Every structure is written in C-alpha cells, then in structure tokens.
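Biologist: I would like to learn how to read the features of a model. Please take them one by one.

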Amino acid sequence: MMSLAWRSGRVKIVLSTALMILGGVAWPMLAFALREGINAVTNHDPAKAVAAGVSVGLLVIAALLLQHFAYVPYAETAELAVVAMNSELIELVAGSGRLEQQERTEYADRIALLRREIAQFSDGMTGLMAALALAVSMIVTGILLVSVHPLLLLLPVAAVPALFATQRAQRQVAAARDRSATAVRQAQHLFDLATSAVPAKELRVFRLQAEVRRRHLELWVGIGRVLRSGELRSAVIEASGQVVFAVTYVAAVLFVLRETVAGGNQVGDAVLVIALGAQVNQQVSGALDLLRRLQRVAESMARLRGLRASATGRTAPTADVELPDGIRHGLTMRDVSFGYPGADKLALTDVNLTLPAGSVVAIIGENGAGKTTLVKLLCRLYDATAGTIEVDGTDIRRFPVDQWRRRVTAAFQDFVRFEVPAQQTVGVGQLAQIDDRAAVLSALDRAHAGDLVDRLPQGLSTQLGNSWCQGTELSGGQWQKLALGRAMMRESPLLLILDEPTSALDAEAEHQLFERYAANAHRIGRATGAITVLVSHRFSTVRMADLILAVADGRIVEAGSHSSLLAANGMYAGLYNMQAAAYRR
Ligand SMILES: Nc1ncnc2c1ncn2[C@@H]1O[C@H](COP(=O)(O)OP(=O)(O)OP(=O)(O)O)[C@@H](O)[C@H]1O
C-alpha cells in the first residue's frame with residue numbers, strides 16, 4: 001500500500017508527512033510554551049511572557065490545521081489502494097481456473113469478510129501516517145516530561161499495558177467476526193433474495209416476503225449476540241489496561257503538585273505536567289484506536305495473503321504438454337471418481353468410458369444422477385478426486401488449463417444472463433470476435449436463434465435486461481437461445497458441451513435444432529475429432545447421438561447406441577418407451 005502511495009506522488013507524500021509530523025510536535029510544544037508563559041508571568045518577565053503568548057497562539061493554529069491538510073493526499077492514495085485491492089480480489093476469486101476453492105465454506109466466508117472489510121484498507125493508509133505523527137508527538141512529550149523529573153517517564157510507560165490489552169481485545173473481536181461469518185453470509189443471501197428482481201416472482205407467489213424478513217432478522221439477532229459477546233470481552237480487557245494508566249496519571253499529577261508546593265518546581269512545570277499528562281492520555285487512546293484500526297487492516301491483509309497463497313497453490317504444476325490441434329482417438333475416463341468439496345458422498349464413482357473422436361455423445365439420467373458433474377470434469381472446472389481423464393492417452397492435467405479452455409465451449413443449464421447489448425452477450429463466447437457482427441450472426445444462426453435478433457428493437461445493439469434504462473427483457477427461452485449462440489461462437493472447439501441447453505425450448509424446436517447441429521458437429525468432428533456432449537431429458541433428441549450414456553447414482557450403468565440400448569431393454573429402453581408412449585397419447 002505504501003509503495004502504491006509512493007508511486008502515485010512522491011512530492012505530495014513527503015510534504016504531507018512533514019505536515020503530519022509538525023502537527024504531531026505542535027501539541028506537546030504547546031504545553032511547553034504554556035509553561036514558559038506562566039513561569040515568565042510568575043518571574044515578572046513581560047517580554048518573555050509576550051513571546052510565549054504568541055508561540056501559544058501559533059502552536060494552537062498549527063496543531064489544529066496542519067494535520068487536516070496532511071490527510072488529503074493520503075486519502076486520495078488510499079482510495080486508489082482500495083480500487084487496487086478490489087481488483088486483486090476479483091482476480092484471486094474469478095481468476096481461478098477451477099471451482100473447488102470458491103465452493104469451500106471457509107473460502108467463501110473469507111471472501112465475504114474481505115468484501116466487507118476492503119474499505120478499511122484506506123483506514124490503514126491514513127492510520128500509518130497518524131501513527132507516525134503520534135510517535136513523534138510521544139517522543140517530544142517524553143523529553144519534556146524528563147526535563148521536569150525523570151520519574152515522570154513512567155507516565156508514557158504506563159500506557160504500554162493498555163496497548164497490549166487492546167491487541168488482545170481486538171483478537172476477541174476478530175474471533176467473534178470469524179465465528180459469525182457464515183451467518184452473515186446467509187443473512188446477506190436472504191437480503192439479496194428479498195431485494196433482487198429475479199427471486200421477486202417466487203417470493204410473492206409463495207408469500208415468502210415475511211418469512212425471508214423473519215429469518216434475516218433472526219440471523220442478525222444471533223450474529224449480534226456473537227459479536228456483542230466478543231465486544232464485551234474486548235471492552236473488559238481494554239478497560240483493565242486503561243486502569244493502570246489512569247492510576248499512574250493521578251500519581252504523577254499528585255507528585256508534581258507536591259514538588260511544586262515544596263518549592264522544587266515552578267508553577268509552570270506543574271501546568272506542563274498536567275497538560276502533557278492529558279495529552280499522554282489522548283495519545284494513548286489515539287494509539288489504542290489506531291492499533292485497533294491497524295490490527296483490523298492486518299487481519300484483512302492476512303486474509304488476502306491466505307487467498308493469494310491458495311491462488312498460487314492451485315495452478316497444476318504438471319502442465320508440461322502442448323494441447324494437440326485435434327483429437328485422434330478419443331477422450332477416455334479411467335476409474336474416475338469425484339466428490340465435491342465438503343460433501344461426504346461421491347458424485348461420480350469409478351467411471352470408465354471412452355468418448356470416440358468426432359462423435360456426438362448424449363448423457364441421460366435422473367435429476368442428481370451426476371450428468372452435470374461429469375461434464376464439469378470434462379471442462380476441467382474440477383479435477384477428478386481419483387482416476388484420470390485422457391485425450392488420446394495423455395492426462396488432461398498435463399495440458400495447460402488455459403489451452404484446454406480455449407478449445408472447450410459450453411452452454412450450461414444455469415447459463416448467465418449478461419445484461420449488455422445483445423451482440424456482446426453472444427460475442428463474449430469468443431472475446432476476440434465480440435465486435436464482429438458477422439461472426440455473432442453466424443453463431444446465432446448455428447444456434448437456430450437468428451430470428452430472435454429481428455425481434456429485438458435495435459437488433460444486435462439492443463441493451464438487454466430491464467434493470468437498465470431502455471433495456472429489453474427477454475423470455476427464459478430467448479435468453480437461453482442467446483446462451484446457445486454464445487457457445488457457438490467458438491468454431492473449432494475440441495469439446496462442445498450442451499448441458500440441457502434447450503430446456504426452455506419446446507421439444508420440436510429442440511429436435512430441429514439438434515438435428516441441424518448434429519450434422520454440423522459430425523462435419524467438424526471429422527476434421528478435428530471434436531466431441532459433442534449433450535445432456536438432455538428429451539429422448540427424441542438423445543436418440544440421434546452416436547453414443548448414449550445412462551448415469552444413475554454417479555455411475556455409468558449403460559452405454560451404447562440407441563438401437564443397441566433398446567435391444568438391451570434396460571434403463572434407457574424403459575425411459576425411452578415411457579416418453580414415447582406419453583407422446584403418442
Ligand atoms: N457444487 C456442488 N457441491 C456439492 N454437491 C453438488 C454440487 N453440484 C452437484 N452436487 C451434488 O452432486 C450430485 C450430482 O449432481 P449433478 O448436478 O451432476 O446432477 P445431474 O445429473 O446433472 O442433475 P440434473 O438433471 O438435476 O441437472 C447431486 O447429488 C448433487 O447434490
């Protein structure tokens with residue numbers, strides 16, 4: 001943070017630091033000038049008294065004004081630091097090649113805390129400067145106290161237990177914050193549910209508004225309890241540290257008054273010690289406050305370091321093979337098992353299969369069977385817990401994940417609604433061509449969605465999403481067609497994943513789309529060995545695939561062509577006949 005400040009304006013930083021230090025010196029020097037003034041008066045020295053009076057005036061002005069100006073460049077730099085931190089957080093979280101990290105509770109909690117705390121980084125910046133001024137101020141105060149009596153140095157020393165107590169107290173508060181992080185995230189989720197547009201329909205239809213509000217409140221009551229107990233413990237610890245200082249201060253004042261009455265000191269010396277004592281008190285509480293702020297910043301920094309460390313640890317060190325241009329034989333899964341982070345049950349168990357080069361493969365199975373998990377492993381959004389996935393015999397973990405991603409494209413069932421102009425919502429599928437109108441139109445055509453553009457008020461330039469001024473809202477099926485278009489932006493993928501990409505379309509539209517698509521996929525497949533994987537519950541579409549995989553409870557239970565699976569009269573045949581009969585009725 002300091003290096004960022006330094007880079008962004010050295011002259012300003014030097015000037016502000018000087019102003020800050022002068023401001024810090026002004027307060028104790030004010031007490032000194034007061035002493036000189038009072039001693040001059042009691043010694044009947046008018047010239048010295050006037051000089052001391054003028055000094056007091058100037059020092060008051062300096063003490064009150066200098067530090068305000070000193071803060072301006074720091075505040076500016078601190079804002080820049082916050083922007084930089086936010087950007088780093090985005091990179092650390094979204095830059096990850098895989099999803100495991102993001103789905104771990106402790107990781108998600110850490111991110112949520114950091115998101116809330118990141119504004120404090122600016123506090124840290126100004127806090128460091130204030131600490132510098134405070135340190136100078138304390139040194140000058142110590143020198144002045146010693147000049148009256150060396151024993152008075154015990155006064156600042158008595159502040160040390162208070163500093164340690166504050167540190168301990170802050171640990172209590174931090175621990176309470178960590179304990180409540182999951183509940184805070186749940187409360188935030190409920191808040192988002194209650195205030196965002198997408199869940200609004202269901203909340204009203206099921207009359208859930210009051211329930212969501214009740215749960216949100218209940219969570220905050222619990223969070224409040226945890227945080228309060230932490231704050232209370234911290235207050236008790238802090239107060240015990242302050243008591244030591246308070247007793248020492250009273251003793252110091254009594255000591256100086258006694259010396260003055262006994263004639264060992266002048267009246268001005270007593271005033272100096274009383275004034276400096278009050279300043280030490282302020283300096284200590286200022287230091288405590290600073291320590292609290294800096295400690296919170298240090299905790300946030302530690303969280304950020306933790307994220308950085310896990311980000312560094314997540315790059316697969318084994319990437320040592322260039323991804324070939326095409327697939328010659330196929331994609332093979334060998335003894336693949338996979339469990340989601342934190343889940344006690346495996347989502348996939350002992351999967352062994354080969355997806356032949358150039359083929360169209362369909363995956364069927366009941367909800368929760370493991371179909372999406374399988375395609376997520378193929379996309380390398382996760383790495384298998386056990387076993388290997390191979391391209392022509394090479395473990396895909398040996399290819400740089402970036403190279404693999406460039407040759408994979410996908411339309412997921414929970415696709416994203418990018419609320420940007422229509423051209424961009426499709427074009428992001430291949431960033432290099434985002435401005436290429438012809439490429440976008442051609443992708444939409446392959447997705448059977450060309451007609452959609454004609455219906456948009458400004459064609460491809462139409463801003464999508466009704467949360468934007470003059471934005472056009474689309475139906476679920478229309479959004480899905482655009483997501484499909486996005487997947488089609490990559491013209492030569494090695495792997496195309498269509499995970500229920502047409503669930504919002506009617507069966508006839510899906511059938512036509514897939515028929516057309518499969519012909520194209522075979523053409524590309526012959527050239528590069530590209531494999532298409534389709535997850536669907538519609539058997540009229542599934543039957544067109546070269547290879548059909550039936551998944552149940554995380555295992556591949558059947559594999560073969562439509563006719564061979566019908567002949568086997570197993571799970572596929574049962575489900576197919578049931579759906580065909582329903583259509584005939
Ligand atoms: N991110 C996740 N974290 C933990 N468990 C998950 C996660 N995603 C899925 N699961 C679990 O893994 C299992 C398989 O889920 P998957 O999404 O692969 O099913 P699916 O066959 O695609 O179902 P559907 O037809 O409903 O889409 C389910 O038991 C599910 O609860």
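Modeller: Begin with the largest pocket, which has a volume of about 930 Å³. The model is predicted, so local features need pLDDT of at least 70 and side-chain atom pairs pLDDT 80 or more, while totals for chains, interfaces and linings use all residues. Residues are numbered from 1 along each chain as its sequence is written, and side-chain values use heavy atoms, without hydrogens and water.

Biologist: How is a pocket told from a cavity?

Modeller: Rolling a probe the size of a water molecule over the atoms shows where empty space is left. On a 1 Å grid over the protein atoms alone, a cavity is a set of points where a 1.4 Å probe fits but cannot get out; a pocket is an open set with protein on both sides within 12 Å along at least five of seven lines. Lining residues have an atom within 4 Å of a point. Points are joined across faces, edges and corners, and the volume is the space filled by probe spheres set on them.

Biologist: Which residues of the lining lie nearest the centre of the largest pocket?

Modeller: They are Thr-409, Ala-410, Phe-412, Arg-486 and Arg-490, out of 28 lining residues. Two or more lining residues come from each of helix H12 (371-378), helix H13 (401-406), strand E6 (408-411) and helix H17 (476-488). Such helices (H or I, at least four residues) and strands (E, at least two) are DSSP runs, numbered from the N terminus. E6 gives the largest share of this lining, four residues. By class, the lining of the largest pocket has 15 nonpolar, five polar and eight charged residues. Here Ala, Val, Leu, Ile, Met, Phe, Trp, Tyr, Cys and Pro count as nonpolar, Asp, Glu, Lys and Arg as charged, and the others, Gly among them, as polar.

Biologist: How many cavities of 30 Å³ or more are there?

Modeller: The count is three. The largest cavity holds about 70 Å³ of space, and among the residues that line it are Leu-377, Tyr-382, Asp-383 and Arg-397. Strand E4 (residues 386-391) gives the most to that lining, three residues. The second largest cavity holds about 60 Å³; its lining includes Leu-484, Phe-514 and Tyr-517. H17 and helix H18 (507-528) each give two or more residues to the lining of the second largest cavity, and the largest share, four residues, comes from H18. That lining has eight nonpolar, one polar and one charged residues.

Biologist: At what angle do the axes of helix H8 and helix H10 cross?

Modeller: Axes are lines fitted to C-alpha atoms, for helices over the stretch in contact, with angles from 0 to 180 degrees between N-to-C directions. The axes of H8 (residues 159-195) and H10 (residues 209-261) come within 8 Å and cross at roughly 175 degrees. H8 and H10 are therefore roughly antiparallel to each other (angles over 145 degrees). Their contact has 22 nonpolar, 11 polar and seven charged residues.

Biologist: Which residues are closest to the ligand?

Modeller: Gly-368, Gly-370, Lys-371, Thr-372 and Thr-373 are the closest of the 14 residues that surround the ligand, where a residue is near if one of its heavy atoms lies within 4 Å. For His-537, a polar side-chain atom lies 3.5 Å from a ligand oxygen atom.

Key:
Parallel < 35°, antiparallel > 145°, perpendicular 65-115°, else oblique. Polar contact = N/O pair within 3.5 Å; in protein donor to acceptor, adjacent residues only side chain to side chain.
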